[in-house]
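Q: Can you walk me through this one? Keep it short, please.

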Amino acid sequence: MLATLTRRIERARTAVRRATLVPMLVRAGIAVCGLLALTVAWPVPVMTGRFALPLAAVAIYPALAPRGRGATVAAVVTVGGWILDTAWYDSRIALWRVLALATLLYLAHTLTALAAALPTDAEVDTDVVTGWLLRAGAVVLVSAVLTVLALGLTADLAGGAFLVATLAGLTAAVGLTMLLARLLRRP
């Protein structure tokens with residue numbers, strides 16, 4: 001048991017010694033996005049209370065182990081904080097918070113995917129990360145514009161038209177999910 005622990009410690013020391021700058025910056029970006037998302041989502045009394053440290057650990061964990069389920073857990077905890085803040089603490093839903101939360105969760109998710117593909121000792125050209133972040137920025141921008149447009153349409157589409165549009169959107173989402181699942185199972 002002691003030999004196993006010693007080997008693990010030695011492997012960790014070797015990994016830290018061999019780490020390069022770009023993969024470490026990507027992992028730092030994951031941690032920053034996760035912490036900012038938690039700060040935007042969770043109520044202020046919770047973030048300044050005794051749960052702040054465990055929540056911060058949940059947000060930082062995907063940066064340390066990007067290949068696991070840590071990013072999913074961090075996103076679920078963040079969304080749970082948003083639901084707690086808006087339902088239990090009765091906070092007002094503001095557009096800037098919705099857009100900030102969606103942006104930070106997406107950036108944390110996409111950076112985690114990049115970090116999972118990059119070994120910590122990889123020599124990576126900064127153009128790789130720059131291109132990755134530019135594509136993520138384009139996705140965030142298009143999503144934000146579509147969100148604002150959709151919210152503008154909800155004022156015009158009240159009643160039955162809004163219900164029909166909601167059901168059509170849900171049907172399209174379910175249909176697309178089923179199509180993708182079927183395509184994944186094809187030989």
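**Buried residues, salt bridges and a pocket**

A: T112 sits in helix 6, residues 95–117. Helices here are DSSP runs of H or I, at least four residues, numbered from the N terminus. This is a predicted model, so local features need pLDDT of at least 70 and side-chain atom pairs pLDDT 80 or more, while totals for chains, interfaces and linings use all residues. Residues are numbered from 1 along each chain as its sequence is written, and side-chain values use heavy atoms, with hydrogens and water left out.

Q: Is T112 buried or exposed?
A: T112 is buried, because its relative accessible area is 5%. Buried means under 20%, exposed over 50%, and partly exposed in between, with a 1.4 Å probe and protein chains only.

Q: What does the T112 side chain reach?
A: The backbone oxygen of A108, at 2.6 Å.

Q: And which residues is T112 in contact with, leaving aside neighbours within four places in sequence?
A: I30, P62, P66 and A71. Contact means heavy atoms within 4.5 Å.

Q: Switching to R27. Where does it lie?
A: R27 is in helix 2, residues 21–41. R27 is buried and has no salt bridge. The nearest side chain of opposite charge is D121, 8.7 Å away. Lys and Arg count as positive, Asp and Glu as negative; His and the chain ends are not counted.

Q: What does the side chain of R27 reach, then?
A: The backbone oxygen of L64, at 3.5 Å. Beyond four places in sequence, R27 touches residues including A63, P66 and L118.

Q: How many salt bridges are in the whole structure?
A: Four. A salt bridge needs a side-chain nitrogen of Lys or Arg within 4 Å of a carboxyl oxygen of Asp or Glu. One of them joins D121 and R18, at 2.7 Å from N to O. That pair links distant parts of the chain, 103 residues apart: D121 is in the loop between helix 6 and helix 7, and R18 is in helix 1.

Q: Which residues are joined into one network?
A: E10, R13 and R17, through salt bridges that share partners. R13 pairs with E10 at 3.7 Å between the closest N and O atoms. R17 pairs with E10 at 3.8 Å. R13 and E10 are about one helical turn apart, because three residues separate them in helix 1.

Q: Last topic: which helix gives the most to the lining of the largest pocket?
A: Helix 1, residues 2–18, with four residues.

Methods
Helix = DSSP H or I, 4+ residues; strand = E, 2+ residues; numbered from the N terminus. Polar contact = N/O pair within 3.5 Å; in protein donor to acceptor, adjacent residues only side chain to side chain.
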